[in-house]
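Let's take a friendly walk through a protein model. Have a look at the picture, and then we will go through it part by part.

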Amino acid sequence: MTGEPIRVLVVEDDPVAADAHVMYVGRVPGFVAVGKAHTGAEARRALDRTPVDLLLLDLHLPDVHGLQLARSLRAAGHHADVIAVTSARDLAVVREGVSLGVVQYVLKPFTFATLRDRLVRYAEFHAAVGEASGQDEVDRALAALRAPGPAALPKGLSAPTLERVTVALRDAGEGLTAAGVAEAVGISRITARRYLEHLVDAGRAARRPQYGTVGRPELQYRWVREAEKGR
């Protein structure tokens, strides 16, 4: 990528997550994190003193909802685009965000690869300037923002079961063995292990031996928190 880097302001109330997001942005060529803010008020002050092209905006801030912040920034004349970071899956919120400059949504928890993909696609959209030659060029510019479809799961794995395994593991806190996941989800231990190993390969879970049992130690799996990813 050539030209001036795309300037990103990270707005995230969790200091650890904010540091991780700044690190992620810095690892993507063509982007630079120009600052971070933990509240809506801090974000407004940062935008008043620093040129920003893109907000990486957590929607759940301690002093204001992210969409309310985006609305007030638009009213104040700030025209930075927004990539919303949220754990909410309410499609009504997604629709509302479109009118406020939200060009992408990233659901928590996410990996560096997920954010990198969104940033690269945003860069393609951002680079589209001048007058379009026709409908095809307009369509290509808008298509740059659309993420590709989800990667196909390995043979024998299904998306609904993967979601149930993911929820069970994430809610467990300290982690679960394959037997524990099998009991929680209602599948066999062998099947549970296949899903767990898939999550490990995707960087969304980690495994470690569980000692204290007779014989060979059993593997325990735990959900990898967002701030741990990319380390």
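Which residues in helix 7 meet which residues in helix 9? Thr161, Leu162, Val165, Thr166 and Leu169 in helix 7 meet Tyr195, Leu196, His198 and Leu199 in helix 9, where contact means heavy atoms within 4.5 Å. Helices (H or I, at least four residues) and strands (E, at least two) are DSSP runs, numbered from the N terminus.

The axes of helix 7 (residues 159–172) and helix 9 (residues 189–201) come within 10 Å and cross at roughly 75°. Axes are lines fitted to C-alpha atoms, for helices over the stretch in contact, and angles run from 0 to 180 degrees between N-to-C directions.

## How the model is read

This is a predicted model, in which local features need pLDDT of at least 70 and side-chain atom pairs count only at pLDDT 80 or more, while totals for chains, interfaces and linings use all residues. Residues are numbered from 1 along each chain as its sequence is written, and side-chain values use heavy atoms, with hydrogens and water left out.

Three strands form an open antiparallel sheet in the order 6-8-7; two strands pair if DSSP finds at least two bridges between them. Strand 6 (176–177) and strand 7 (205–210) are at the edges with a single partner strand each, so one side of each has no neighbour in the sheet.

Six bridges join strand 7 to strand 8 (residues 218–223), and Arg207 stands opposite Tyr221 in strand 8. Helix 9 packs on this sheet, touching strand 6, strand 7 and strand 8.
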